[in-house]
Amino acid sequence: MMITTKGRNALKIMLDLAQHNDGNNVSLADIAGRTKESLKYLEAVMAQLSSAGLVVSARGKSGGYRLAKSPNEYSVAEIILASEGSLAPVSCLYSENPCENANNCLSLPLWKELDEVINNFLSSKTLADLLK
């Protein structure tokens with residue numbers, strides 16, 4: 001399992017929003033400036049976070065983004081899943097077509113257990129935890 005730049009930036013965006021969680025909208029340009037990331041790239045990541053319901057967006061002069069809930073209600077796992085799609089260490093765990101060798105695969109239990117460890121660990125961490 002490798003968390004891509006998209007996943008890392010999703011977490012970065014959410015941490016920035018959590019740091020500026022005063023009820024006001026935060027512009028993506030401000031986030032890009034603070035995180036030193038491309039505005040264009042962050043727009044794509046923010047679209048995924050928005051469609052997953054993790055952020056609320058508003059248009060207009062005072063538009064921007066804000067968290068949909070408080071920082072302690074977001075797990076790192078849900079943020080990364082919204083941008084990555086899966087955290088599984090091997091593709092056979094999330095493939096739509098089950099592996100034809102799954103019944104005979106001696107390593108499959110290892111991959112399932114590793115997947116569970118990864119998910120449990122990332123699910124146990126919140127945005128609030130990371131801000132401490």
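Me: What is a nonpolar core, and which residues have the most contacts inside the largest one here?
Reply: A nonpolar core is a set of buried Ala, Val, Leu, Ile, Met, Phe, Trp, Tyr and Cys residues joined through side-chain atoms within 4.5 Å. In this predicted model, the largest such core has 26 residues, and Met14, Leu17, Leu49 and Ile79 have the most contacts inside it.

Me: Which elements give two or more residues to this core?
Reply: They are helix 1, helix 2 (28-35), helix 3, helix 4 and helix 5. Helix 1 gives the most, with 6 residues.

Me: How should I read the buried residues of helix 4, and where do they lie on the helix?
Reply: Helix 4 spans residues 76-84, and its buried residues are Val76, Ala77, Ile79, Ile80 and Ser83. Seen down the helix axis, these buried residues fall within an arc of 165°, so they line one face of helix 4. Their cover includes helix 1 (5-19), helix 3 (39-51), helix 5 (108-123) and helix 6 (127-131).

Me: Which residues does isoleucine 79 touch, apart from those up to four places away in sequence?
Reply: With those set aside, isoleucine 79 touches Ala10, Leu11, Met14, Leu49, Leu54, Tyr74 and Leu127.

Me: What follows helix 4?
Reply: Glycine 85 follows helix 4, and its phi is positive, near 95°.

Me: Is asparagine 9 buried or exposed?
Reply: A residue counts as buried under 20% relative accessible area. Asparagine 9 has 2% relative accessibility, and therefore counts as buried. Asparagine 9 belongs to helix 1. Leaving aside neighbours within four places in sequence, asparagine 9 is in contact with Glu37, Tyr41, Leu42 and Val45.

Key:
Residues are numbered from 1 along each chain as its sequence is written. This is a predicted model: local features need pLDDT of at least 70, side-chain atom pairs count only at pLDDT 80 or more; totals for chains, interfaces and linings use all residues. Side-chain values use heavy atoms; hydrogens and water are left out. Buried means under 20% relative accessible area, exposed over 50%, partly exposed in between (1.4 Å probe, protein chains only). Helices (H or I, at least four residues) and strands (E, at least two) are DSSP runs, numbered from the N terminus. The arc is that of the directions from the helix axis to the C-beta atoms. Contact means heavy atoms within 4.5 Å.
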